[in-house]
Amino acid sequence: MSHIEIEHGCARSVEGRDALMPLPCRVLAVSQETSDVKALRITSLQGTRPFDAKPGQTAMLSIIPSGECMFCVSSQGEDYLEFTVKKVGFVTEQLHALRPGDAVGLRGPYGNWFPYEGLRGKDLLFIGGGIGMAPLRSLITYLFDCRSEYGAIDLVYSGSTPDDLVFCREIQEDWPRIDGVTVHLSVYRESPGWDGEVAFTAPFLERLGYAPDGRIAVLCGGPSLFRTCLASLEKLGFAPEDIITTLEMRMKCGIGKCGRCNIGSHYICLDGPVFSIAELHKIPGALH
Amino acid sequence: MSLSTAEALTDALREEARRLLAEGTVAVVVGWEAGRFPNQTTPAFISDPEQAQRLVYGDYCVNTLAKYALGEKAAGKVAVCVRGCDSRGINRMIADNQLLRDEVYLLGLPCSGMKDPATGSLLMKCRTCTEHDAVTYDVLLGPATAAGHDGASADSSAGDSEHVSDEQRFTAVLGIEEMAPEKRRALFDAAFNKCIRCYACRKSCPCCTCRECFVDQLRAGWQGKQNNLAENRFYNITRVFHIGDRCIECGECERACPMGLPLMALNRKMVKDLKSLFNADDAGMTEENSAALGRYDLGDLEEFM
Amino acid sequence: MILRHSSLEGLLSTLSTGARVYVPAKADGVTKFVLYSSSVRPDFSITNTTMPPKDLLFPQTQHMYRYGTDAEGVPYVEPVHDADDVIVFGMRPCDVRSIECMDDVFLTKGFVDVSYQAKRERLLMVAMACTAPAPTCFCNSMGLCPTAAPLADILLRPAGATDASGDTAYLVEAQSEKGQAALAQWESYKATDTSDADFEPVSAAVSCSLKVSMVGVKDKLEAMFDHPIWEQLSKKCITCGTCTFVCPTCHCFDISQENRLSEGTRFRCWDSCMFTAYTEMAGGHNPRASKSARVRQRFMHKLCFFEQRYGKTLCVGCGRCVEKCPVALDITCLIDQIGAADVAY
């Protein structure tokens with residue numbers, strides 16, 4: 001059986017542009033997704049989409065004068081790129097203070113992308129936790145745009161509390177109405193106003209009992225969710241070749257030069273962030 | 001020291017290390033072993049009694065070992081080979097609440113100053129050393145050093161003096177103090193200009209034990225990452241002030257510095273001023289925190305209040 | 001072309017009228033490549049300068065661009081261009097090789113580093129063959145020859161014994177078109193009373209006394225990620241950045257900025273995989289939090305990962321780290337240990 005091919009090291013510098021220089025841009029819109037997550041839509045000074053990004057690609061968002069941070073492009077529109085930013089540190093705190101019209105810098109796109117060509121016709125199982133929805137969303141919204149070309153889409157998405165579910169309203173209300181899309185949500189703790197599932201992601205996933213049946217699983221979440229759900233997927237019979245994930249590490253350049261996101265012979269910023277579990281098994285330290 | 005002394009001390013050290021490890025008194029022995037090049041040694045960490053014969057002692061054990069106790073103590077009691085500098089480093093870390101005396105077993109060794117394996121001459125840090133032998137130990141291997149350092153005792157009065165005089169100790173500082181301000185500035189600008197900020201000085205220092213150094217507090221942004229005179233000056237001066245009254249004068253920072261910065265001149269300026277202003281004790285001589293700026297007495301003068 | 005040592009000063013001063021010329025010299029007690037002027041005394045007897053010449057292409061602090069907001073509130077970003085014609089005169093073969101490694105990093109794999117490229121295109125490398133490798137040199141073991149520097153534009157080889165006047169002669173050869181063109185400026189300094197045929201340049205017989213075997217090292221390391229060697233080896237490491245900063249091939253960097261009111265400059269600066277903060281992520285997670293993980297990363301990158309990616313070892317055998325490591329954590333001893341490790345490959 002043939003497996004999905006993921007391209008690595010396929011990103012290229014844009015002709016005539018210094019890949020490390022940001023484009024001056026502006027904030028188009030800000031939406032508060034959870035208490036510590038905001039979605040920022042960024043537009044060029046001319047009011048156009050700053051550049052094209054494929055699902056899963058990343059870009060470096062900077063704020064003057066605080067520094068740069070790498071984010072996955074979580075979705076894109078005619079005149080914007082959207083980034084989903086969780087407040088975890090110095091720069092993200094300042095990004096949260098931005099308002100529409102504020103100046104930012106943006107450079108990219110960097111890295112590889114989800115193998116959306118190879119996934120055509122396949123059934124897909126998305127598993128995510130918290131802010132891990134950001135990269136998943138880039139692929140999911142792409143699939144929605146050409147819905148007929150793909151099989152069933154199932155989503156298992158969790159957060160510590162309902163407030164940790166990013167894009168919750170959209171996921172709960174809009175996505176299930178789309179043909180062939182099933183959404184399963186859970187939270188880890190009993191919470192006021194939540195009458196849905198209370199469970200950790202991995203046992204929830206096992207209980208749902210997805211069989212491989214040619215499905216491709218796409219997994220994205222924090223270290224413990226990643227570890228436990230990977231074990232569950234393997235228990236359910238998914239082959240490592242059929243599980244796709246995105247890796248995260250500290251990044252500074254985005255173009256495979258500065259060294260800190262090096263694992264094995266790869267740089268996550270350039271060759272990743274999208275890998276199959278089968279590939280990660282071959283990279284020393286990648287699954288530690 | 002003579003070859004036979006070195007050999008006898010090496011034998012005694014190996015035997016003691018083997019015994020301590022075999023009896024389970026300590027989990028690891030930190031000492032020195034031979035390196036690849038003639039006379040070169042490198043820090044050694046022995047946890048298998050059978051490996052104790054790797055240990056060596058002699059004229060070329062250039063590394064001060066005290067700080068390694070911090071990294072090793074998780075595995076159990078750490079035996080550390082100590083001379084004057086190493087033992088004062090241990091005392092310093094105990095006084096700074098980094099280490100308990102009970103976490104280490106100190107193997108005292110006599111020292112007559114260490115030599116540069118490449119040149120055979122006495123290390124700079126040993127020429128101005130005031131305490132050759134361990135100031136604290138659990139066992140003393142071999143006799144205390146009767147005379148001063150080979151190099152420090154070159155003057156005629158050295159026969160009866162174990163310690164270098166304050167005059168010798170502060171020669172470099174006095175020389176710099178006498179300079180005209182412009183010349184002094186030029187001296188330090190030239191030094192700080194060549195600093196590459198590898199932080200070997202900080203990492204080798206038994207006083208530099210902050211969980212997070214001011215340099216790494218990126219959020220506060222005290223220290224810019226650029227390498228230029230202003231940032232290098234800021235780093236080097238802040239380092240000295242932060243060590244302040246705790247410097248044990250082991251000279252390891254200056255030895256570790258790949259660029260040859262006169263770090264001990266800076267450290268000793270602090271030491272000298274603290275002595276003259278507060279009659280400060282030399283740091284690390286006991287486990288007590290006797291640091292002039294790091295403690296207070298109710299009877300302290302408050303002239304400035 | 002034969003060039004006498006006594007003509008070098010005249011040549012250097014001519015060259016420095018059209019380019020920034022860097023020569024090995026001692027400055028404030030440190031040997032490095034120093035900008036030539038009449039007050040600088042080049043010292044071609046230095047085998048390896050303490051600081052490698054990598055900063056000429058990859059400065060420790062490189063300003064990249066200025067940014068700010070103009071009077072109308074429109075944000076701007078302006079590149080800083082600072083490339084100049086540079087001649088490095090007297091590079092050793094190992095340092096020339098290190099530029100080959102840097103070229104791989106900065107000029108290939110989909111993205112060209114614009115500021116490196118601008119400097120690289122304006123660099124002329126004049127190499128000086130080694131006749132007396134230092135005790136810490138081991139370039140032979142890394143596949144180099146102390147008397148050959150294939151990537152250099154011009155190669156100088158001390159030629160045989162000094163002549164009757166006591167003046168050393170160098171056999172000068174252009175090795176690239178750029179080098180050939182540059183030699184026009186040298187013509188007036190060449191020795192006219194003798195010809196190339198009269199001199200026997202130093203031969204490939206020049207060899208380092210320090211030798212290690214790289215046979216199987218990369219392949220063994222592929223199976224040694226979880227080997228106890230890293231924990232043992234890293235005990236003595238104090239995680240300073242000396243080895244990485246004196247290394248001619250270490251190229252990791254950080255990007256940071258300095259601001260003045262509403263304007264600022266973003267710069268990149270050398271960083272070190274030995275530093276804790278290097279991989280620490282926002283939120284505090286650090287994939288290489290332990291000392292042994294960082295030591296492993298440094299050596300794996302040099303001896304295994306880089307070769308997997310670019311087909312060459314990221315070590316040129318210059319011996320600077322061997323000489324300068326304050327705790328004598330010696331890469332050649334590690335290579336011996338890997339060789340001796342009982343690991344199938």
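Visitor: Where in chain B does Cys207(B) lie?

Guide: Cys207(B) lies in the loop between helices α8 (200–204) and α9 (229–243) of chain B. The model is predicted, so local features need pLDDT of at least 70 and side-chain atom pairs count only at pLDDT 80 or more, while totals for chains, interfaces and linings use all residues. Residues are numbered from 1 along each chain as its sequence is written, and chains are lettered from A and ligands numbered from 1 in the order in which they are written. Helices (H or I, at least four residues) and strands (E, at least two) are DSSP runs, numbered from the N terminus.

Although Cys207(B) belongs to a loop, Cys207(B) is buried, because 27 other C-beta atoms lie within 10 Å. A residue counts as buried if 20 or more other C-beta atoms lie within 10 Å of its own, exposed if 12 or fewer, and partly exposed in between, with C-beta atoms placed from the backbone. Leaving out residues up to four places away in sequence, Cys207(B) touches Arg92(B), Ile243(B), Arg246(B) and Cys247(B). Two residues are in contact if their C-beta atoms, placed from the backbone, lie within 7 Å. Gly221(B) stands 14 residues from Cys207(B) in sequence, and the C-alpha atoms of this pair are 22 Å apart in space.

Now take chain B as a whole. Its secondary structure comes to eleven helices and five strands, α8(B) and α9(B) among them. Of its 305 residues, 44% count as buried, and Cys207(B) is one of the buried residues. Among contacts in chain B with a separation of 6 or more, 70% are between residues 24 or more positions apart. Along the principal axes, the C-alpha atoms of chain B fill a box of roughly 55 × 50 × 45 Å. The radius of gyration of chain B is 20 Å, which agrees with a compact globule, because a globule of 305 residues would have a value near 19 Å. That radius is taken over C-alpha atoms, and the globule rule is 2.2 Å times the number of residues to the power 0.38.

Chain B is divided into domain 1 (3–158) and domain 2 (170–278); such bounds come from an automatic or database domain assignment. The centres of these two domains of chain B, taken over C-alpha atoms, are separated by 26 Å. Where they meet, domain 1 of chain B gives 16 residues and domain 2 of chain B gives eleven residues. On the side of domain 1 of chain B that touches domain 2 of chain B, the elements giving two or more residues are α3 (84–95) and α4 (124–127) of chain B. The largest share of that side, five residues, comes from α3(B). By class, the side of domain 1 of chain B that touches domain 2 of chain B has seven nonpolar, four polar and five charged residues. Here Ala, Val, Leu, Ile, Met, Phe, Trp, Tyr, Cys and Pro count as nonpolar, Asp, Glu, Lys and Arg as charged, and the others, Gly among them, as polar.

Chain B has 29 residues in contact with 30 residues of chain C. Each of β2 (41–46), α7 (181–194), α8 and α10 (252–256) of chain B supplies at least two residues of the side of chain B that touches chain C. The side of chain B that touches chain C holds twelve nonpolar, eleven polar and six charged residues.

Chain C also touches chain A, through 39 residues of chain C and 36 residues of chain A. On the side of chain C that touches chain A, at least two residues each come from β4 (61–69), β5 (75–79), α2 (93–107), β10 (253–260) and α8 (291–310) of chain C. The largest share, six residues, is that of β10(C). This side of chain C has 23 nonpolar, eleven polar and five charged residues.

Chain A, finally, is divided into domain 1 (23–110) and domain 2 (124–246). The C-alpha centres of these domains of chain A lie 24 Å apart. Twelve residues of domain 1 of chain A meet 13 residues of domain 2 of chain A. The strand β4(A) gives the most to the side of domain 1 of chain A that touches domain 2 of chain A, namely four residues.
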